[in-house]
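Dear colleague,

I am passing this structure on to you, together with some notes on what turned up in it. Please look it over first and then read on.

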Amino acid sequence: MKIIKGIILIFSVLFLVGCTNLIEIPDVTGADIDTAKTVITDNRLIPIVSEEYSNSIDEGTVIRTYPVKGEEVEQNTQVKIYVSKGPSMIISKESVFSWFHVQGSNSDKWNFYAPKIDKGILVLELLPEINSNYSIIWKDYGEISLKETLEDSVPIEFTDLEYKFVIKVPIDDLGNDRPTKLYLQLHYTWNDNNAVLNLELNINW
């Protein structure tokens, strides 16, 4: 009987010791990422950051964690911190295009929809009216840059839909998540000659 009581006592002690090693997941919802990582680390847990879009939570703000706040875990448990990347789509408030006329034309117009950032992709939709007496054939490539010299330019995804152009470029490639001035160069053939068209875009987000 004494042996059984001894075994029960040992298991009880081990259970209590195990319980004391459990750590409660702290509430870091609404904190900035640096603060959240510090709090998680100070609680002897391992922070793992994951980003996702949110239309209601400001960019850089913690949305939630997994395991969730209040849950008890062992020390050195990995805690995934979900951080807002901001809204999935951002539409510019105001923008202005300027351009050099296509060769053979001095009255072309470049209408456009408001530039937008859709899930990390900058999207420009242009509706050109080219008044040229020559054959214009647009090529499916071009460059875009933050600099007028087109230094550090990145390639664009260019789609000609007959009535409009759609230009796409990953915003991370530009190195600026809210560019306010962009320089574009589009390639085309004019009267069987290779040519380029330069456009400048000013954006107010």
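How many residues does the largest nonpolar core have, and which of them have the most contacts inside it? Before the answer, a word on the basis: this is a predicted model, in which local features need pLDDT of at least 70 and side-chain atom pairs count only at pLDDT 80 or more, while totals for chains, interfaces and linings use all residues. Residues are numbered from 1 along each chain as its sequence is written, and side-chain values use heavy atoms, with hydrogens and water left out.

The largest nonpolar core has 29 residues, and those with the most contacts inside it are Leu122, Trp138, Ile144 and Leu184. A nonpolar core here is a set of buried Ala, Val, Leu, Ile, Met, Phe, Trp, Tyr and Cys residues joined through side-chain atoms within 4.5 Å, where buried means under 20% relative accessible area, exposed over 50%, and partly exposed in between (1.4 Å probe, protein chains only). At least two residues of this core come from each of β10 (121-129), β11, β14, α3, β15 and β16 (193-204); helices (H or I, at least four residues) and strands (E, at least two) are DSSP runs, numbered from the N terminus. Apart from this core lies another, of eleven residues, among them Ala36, Ile40, Val73 and Ile81.

Turning to the aromatic rings, those of Phe, Tyr and Trp (its six-membered ring) pair if their centres lie within 6.5 Å, and planes under 30 degrees apart count as stacked, over 60 as edge-to-face and the rest as tilted. By this rule the count comes to six aromatic pairs. One of them is the tilted pair of Trp110 and Phe165, with 5.9 Å from centre to centre and 50° between the planes; this pair links distant parts of the chain, since Trp110 is in strand β8 (residues 109-112) and Phe165 in strand β14 (residues 165-170), 55 residues apart. Both Trp110 and Phe165 are buried. The rings of Trp138 and Tyr188 have centres 5.0 Å apart and planes at 50°, so this pair is tilted, and it links strand β11 (residues 136-145) with strand β15 (residues 181-190), the two residues being 50 apart. Trp138 and Tyr188 are both buried, and one aromatic cluster is formed by Trp110, Trp138, Phe158, Phe165 and Tyr188.

Lastly, Asp177 is in the loop between α3 (171-174) and β15, and is partly exposed, with a relative accessible area of 40%.

With best wishes
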